[in-house]
Amino acid sequence: MDISNYRPISLLPSFSKIFEKVIFRRLIQHLDYNKILANEQFGFRSKTSTDLASFHLISKILEALNNRLLVGGIFCDLRKAFDCVDHKIFLAKMHQYGITGKGLKLITSYLQDRNQRVIISSRSKLYYSEWESMKQGVPQGSVLGPLLFLIYINDLLQTINPLAHPVLFADDMSMIVKSAEPWEFLHSIQRNIINADRWFKSNSLLNMDKTHLLQFYTKIGQIMDLEVHYENKLLQSILLNFLD
């Protein structure tokens, strides 16, 4: 009954998917050759997986704990990220990454002139909404959609300061923050949340209500009282003993 649990599914002809595979191969070749996609992105890429993302995240935590540092994690949940990709912003980023001329026109044409409607079934009867033009989002269920989203979110990592180590898996972002100084640790967490939120708002993506803070520790001395505020709200911090 919760409408937020529903998302659009694209109905694409077989020929469209074959054509998308050709575009995908040319596009990924360009991105890989020029090393455009961030190494911290583990989603929808060859030779990456959730296992590797988890390993990278846990390694950073253990490294900090072994060095007797304060270590915490910022975990951000993006709200319907694939549906919120702004086409104008996305195409500007494509141009910045070297997709120009006919290639950019092709991607522009791919995103334009798509329509959607809602169908509701009630008591064996179907109700249809009017067709509406889609002005944002990438087609879900498509071959190109996930890669286009990775390009859209790629420059997010430029907002993160050196004290934080990000790990992305598609639209899920985690940041491990570590420091020996309590004030520096707290400042880095606060600053990264502000910077990330600023980027997300400008790209219409973040749901801060589902952003959580975790403190990792093995000894009581590695715990500090975190009071991190965001828009006059205190973000809850959860303690996690890494030896349990």
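A residue counts as buried when its relative accessible area is under 20%. Keep that cut-off in mind for this predicted model, where 43% of the 244 residues of the protein chain count as buried.

## What about disulfides?

How many disulfides does a search of the whole structure find? The count is zero. A disulfide would need two cysteine sulfur atoms within 2.5 Å. For C76, the closest cysteine sulfur sits in C84, and that is 15 Å off, so the pair is too far apart for a bond. Looking from the other end, C84 is in no disulfide either, with the sulfur of C76 as its nearest cysteine sulfur at 15 Å.

## The overall build

Going by secondary structure, the protein chain has six helices and 11 strands. Its C-alpha trace spans about 60 × 50 × 30 Å along the principal axes.

Now for who touches whom along the sequence. Take the contacts in the protein chain with a separation of 6 or more: 71% of them are between residues 24 or more positions apart.

## Surface and charge

The protein chain has an accessible surface of about 15000 Å². Carbon and sulfur atoms account for 55% of that surface.

As for charge, the protein chain carries 28 positive and 23 negative charges.

Conventions. Residues are numbered from 1 along each chain as its sequence is written. This is a predicted model: local features need pLDDT of at least 70, side-chain atom pairs count only at pLDDT 80 or more; totals for chains, interfaces and linings use all residues. Side-chain values use heavy atoms; hydrogens and water are left out. Helices (H or I, at least four residues) and strands (E, at least two) are DSSP runs, numbered from the N terminus. Buried means under 20% relative accessible area, exposed over 50%, partly exposed in between (1.4 Å probe, protein chains only). Contact means heavy atoms within 4.5 Å. Accessible areas come from the Shrake-Rupley method with a 1.4 Å probe; for residues, only the protein chains shown count as cover. Lys and Arg count as positive and Asp and Glu as negative; His and the chain ends are not counted. The place of a charge is taken as NZ of Lys, CZ of Arg, CG of Asp or CD of Glu.
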